[in-house]
Number of protein chains: 2
Amino acid sequence: MTADLDNPVNLKGWRIAIVGCGAVGAYYGARLARLGRDVHFLARADYWHVREYGWVVNSHVDGQWIVDGDQVYRRAEDIGPVDLVIIGLKATANYVLPEVLPPLLHERTRILTLQNGLGNEEFLATFFGAERILGGLCFVCNNRTGPGRIEHLAEGMIQLGEFGRPPGPVARAIARDWEESRVPCKVVESLRMARWRKLVWNVPFNGLAIAAGGITTDLIVGSAELREAAAGLMEEIISLAAAEGHFLPEGLVEDQITRTAAMAAYRPSSLIDFQNGVAVELEAIWQAPLRVARELGVPTPRLQMLTGVLEQLVASG
Amino acid sequence: MTADLDNPVNLKGWRIAIVGCGAVGAYYGARLARLGRDVHFLARADYWHVREYGWVVNSHVDGQWIVDGDQVYRRAEDIGPVDLVIIGLKATANYVLPEVLPPLLHERTRILTLQNGLGNEEFLATFFGAERILGGLCFVCNNRTGPGRIEHLAEGMIQLGEFGRPPGPVARAIARDWEESRVPCKVVESLRMARWRKLVWNVPFNGLAIAAGGITTDLIVGSAELREAAAGLMEEIISLAAAEGHFLPEGLVEDQITRTAAMAAYRPSSLIDFQNGVAVELEAIWQAPLRVARELGVPTPRLQMLTGVLEQLVASG
């Protein structure tokens, strides 16, 4: 069967490769594999284990399942050209992509990045051409708890869009398949706007959690000064989005603070990375927005200072 | 001999008490004692040692000397009323003063605080009356290295003023005596302005050194982002001073950055306190200026965020 690569209904017949099989890549790939899609996993650390035992996904939402290890690979060359590459790698490892991706690409291969923050689509577009790039924002709570083992705790929604253009048939087909595999997936008109909106939360909460000594979100909203600082950082991100022509909804700051205050104590992902000695996504979450601020001449004093503090904390471990 | 308490030439014949005999109080008191002035030291931790061995001051500038332990006391009642109280206590211990000072005071006793930051004169004025309050800013590099032992490494200048009024004969007499005891002492027209000026350095460098993970000044001026954050904090302090009618000199920010960059790696005093588990002067250095900002409606986003971060870091130790 020859897949329709331009006007697909779903991903039936598409060859799919997952690059970066941490909690995000393996989880979303395993969802498509469970649906019967032709998913090839490029794994490093977990290769031997998964080859033998498969991926074990334990979802607290809809049970446990195993994806056979037949289609796990150590080298992109062994997978060969695919129709869709899904990138679950951390943005801090982007430098490997110009070398890793080429064997996976044919002329019309789509590349979907599920990475955090700003700049990932731009990075991929520079090397591989903008027209094939898509992006997704993951709102998921999951962990890799051991070799080949993914614990899915809650949530899982993806906001999916195309890079620099409105969503077309490919974005909609991917969304349809994820929906069918029990991943809520929302196609967004503007990927950039969705990214700014997510940063409205990530910039203050991921950042202040690290800067204030490794604290959970309840302590941020529970401190008069830190809550005000978080709100101020949100305003700065909103003003950056606006300077690019993306107008986020009124009341967003209030809303985010209220929702966060209603949550249980939460350790933001960047804090977990920081405390585990894993590279923090400085560039994608703080440095790239700060660069936008400089380019557009938008004052962002809090973002500027927070970025400086985080750079130092990350550098000194 | 009866001292002239209103138009003194110097402090000859004055009874003087030092409250708070850490590095600052003991050092400046020992300078006056060496000159032959009648100095009484209120000491806690060092009492027994100093009683026996005296204060040992080792100045890398002008040699070692010992101040006899005869005039060291454990209780203010044992000193009784004096003509001048000099406060060397850390501002974080101010709460003890309403109880400690009364036995030392007669109607015309002057109180000189050598403490850091904003609010100390105001605090004393509330309890003991504004007309008797003076303040001094110490630019000194010294340490208490053991019981009764003060190491004077460098500098030592005091900027001296009267609270809420121009300097008069008392301020000038105190300055004269310190000058004579080899403490450079400059009488300032506006104590408040001098305090703002010192905060221009202390707010960013003491604060960022702690917030960025315990770093020395060279790393602050050596990081593009932290240097810019420091400059931004300085601008905020300068704008607060201006809102109060104190116009700090043009070019101050540039000048402070350049001087700091020319210094060797330096661990600001608040960082030393923080790392030693000693109370950090949050109120005097950050919270009091932030309160001024709120009262006067001056935007200080960096000071606000830094204060929130420091509060949290200090609270969690």
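Contact here means heavy atoms within 4.5 Å. The model is predicted: local features need pLDDT of at least 70, side-chain atom pairs count only at pLDDT 80 or more, and totals for chains, interfaces and linings use all residues. Residues are numbered from 1 along each chain as its sequence is written, chains are lettered from A in the order in which they are written, and side-chain values use heavy atoms, with hydrogens and water left out.

**Stop 1: N206(B)**

Select N206(B). It lies in helix α7 of chain B, residues 191-211; helices are DSSP runs of H or I with at least four residues, strands are E runs of at least two, and both are numbered from the N terminus. N206(B) counts as buried because its relative accessibility is 1% (buried is under 20% relative accessible area, exposed over 50%, partly exposed in between; 1.4 Å probe, protein chains only).

Now show its neighbours. Leaving out residues up to four places away in sequence, N206(B) touches W201(B), P268(B), S269(B), S270(B) and W286(B). Its side chain makes a polar contact of 2.9 Å with the side chain of S270(B). Another, also of 2.9 Å, joins the side chains of N206(B) and N202(B). A polar contact is a pair of N or O atoms within 3.5 Å; within protein, one must be able to donate a hydrogen and the other to accept it, and residues adjacent in sequence count only if both atoms are side-chain atoms.

**Stop 2: two positive phi angles**

Go to E155(B), in strand β9 (149-162) of chain B. Its phi is positive, about 60°, although it is not a glycine. E155(B) is exposed, at 60% relative accessible area.

Next, pick R182(B), in the loop between α6 (169-180) and β10 (185-187) of chain B. Here phi is about 70°, again without a glycine. R182(B) is exposed, at 56%.

**Stop 3: the A–B interface**

Show both chains. 24 residues of chain A are in contact with 24 of chain B. The buried area is about 2100 Å², with 61% from carbon and sulfur atoms (accessible area, 1.4 Å probe, that two parts lose on being put together, summed over both). On chain A, select E225(A), M305(A) and Q312(A): they lose the most area to chain B, together 31% of what that side buries.

Zoom in on E225(A) and R294(B). Their side chains meet in a salt bridge, 3.0 Å from N to O (a side-chain nitrogen of Lys or Arg within 4 Å of a carboxyl oxygen of Asp or Glu). Four salt bridges are found across this interface.

Finish on the elements of chain A that give two or more residues to this side: α7 (191-211), α9 (224-243), α12 (282-296) and α13 (301-315). The largest share, 10 residues, comes from α13(A).
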